[in-house]
Structures are given as C-alpha cells and as structure tokens.
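Have a go at each task before you read its solution.

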Amino acid sequence: MVAAKKTKKTHESINNRLTLVMKSGKYTLGYKTVLKSLRSSKGKLIIIANNCPPLRKSEIEYYAMLCKVGVHHYNGSDSDIIKNMPGDH
C-alpha cells in the first residue's frame, strides 16, 4: 500500500513538472524534432511515452546516450502527455 501511494505521488509530481515545462514553451514534440535537437545538442531531457515503438525508443535512447542527455520513460501514452498541456489542445 505504501509503494502504491509513492508511485502515485511520483506520477503526480512528474505531471506537475511536465505542465510547468509546457507552460514555459521550451519543448518539442515528435520523433523527428527530438532527433534534430539531440543531434544539435539542444536537448536536456527526453520523455518517452510507454506506447512508443521499440525501434524508435532504442534509437532515441542511443542518441541520448551519445549526447549525455537524460531519458525518462513516462508511465502513460502519448495522449496522456498531450492532456497535460496547458491551453488549447
């Protein structure tokens, strides 16, 4: 029961931080733009949804490893990430 409470709290914390980042406007969405930002060393953190195809996921993780950028595996789908976006969507 304690572990479930902690994971829920962590998930809420990530959602709050994700909302804050999206309000700032300093983010990119999509496979191609993420790879471009990694190649130009502009990325700081990559968030990968759990429904990302395995080949794309491994390619993004490989580029992130080369650029020494952190990767977070989001425990939700890509539509869950978009729901956290502020404003019109």
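Two residues are in contact when they have heavy atoms within 4.5 Å of each other. This is a predicted model, in which local features need pLDDT of at least 70, side-chain atom pairs count only at pLDDT 80 or more, and totals for chains, interfaces and linings use all residues. Residues are numbered from 1 along each chain as its sequence is written, and side-chain values use heavy atoms, with hydrogens and water left out.

**Exercise 1. The core**

Task: Find what V34 touches, not counting residues up to four places away in sequence, and then list the largest nonpolar core.

Solution: 
- Step 1. V34 touches T28, I46 and I60.
- Step 2. A nonpolar core is a set of buried Ala, Val, Leu, Ile, Met, Phe, Trp, Tyr and Cys residues joined through side-chain atoms within 4.5 Å. Buried means under 20% relative accessible area, exposed over 50%, and partly exposed in between (1.4 Å probe, protein chains only).
- Step 3. The largest such core has nine residues: V34, L35, L38, I46, I48, C52, I60, A64 and V69.
- Step 4. Two or more of these residues come from each of α2, β1 (45–49) and α3. Helices (H or I, at least four residues) and strands (E, at least two) are DSSP runs, numbered from the N terminus.
- Step 5. The most comes from α2, with three residues.
- Step 6. Another core, of five residues, lies apart from it and includes M22, A49, Y74 and I81.

**Exercise 2. Two serines**

Solution: 
- Step 1. The side chains of S77 and S79 are joined by a polar contact of 2.9 Å. A polar contact is a pair of N or O atoms within 3.5 Å; within protein, one must be able to donate a hydrogen and the other to accept it, and residues adjacent in sequence count only if both atoms are side-chain atoms.

**Exercise 3. Cysteines**

Task: How many disulfides does the whole structure hold, and are C52 and C67 buried or partly exposed?

Solution: 
- Step 1. A disulfide is a pair of cysteine sulfur atoms within 2.5 Å; the search finds zero.
- Step 2. C52 is buried at 18%, whereas C67 is partly exposed at 27%.
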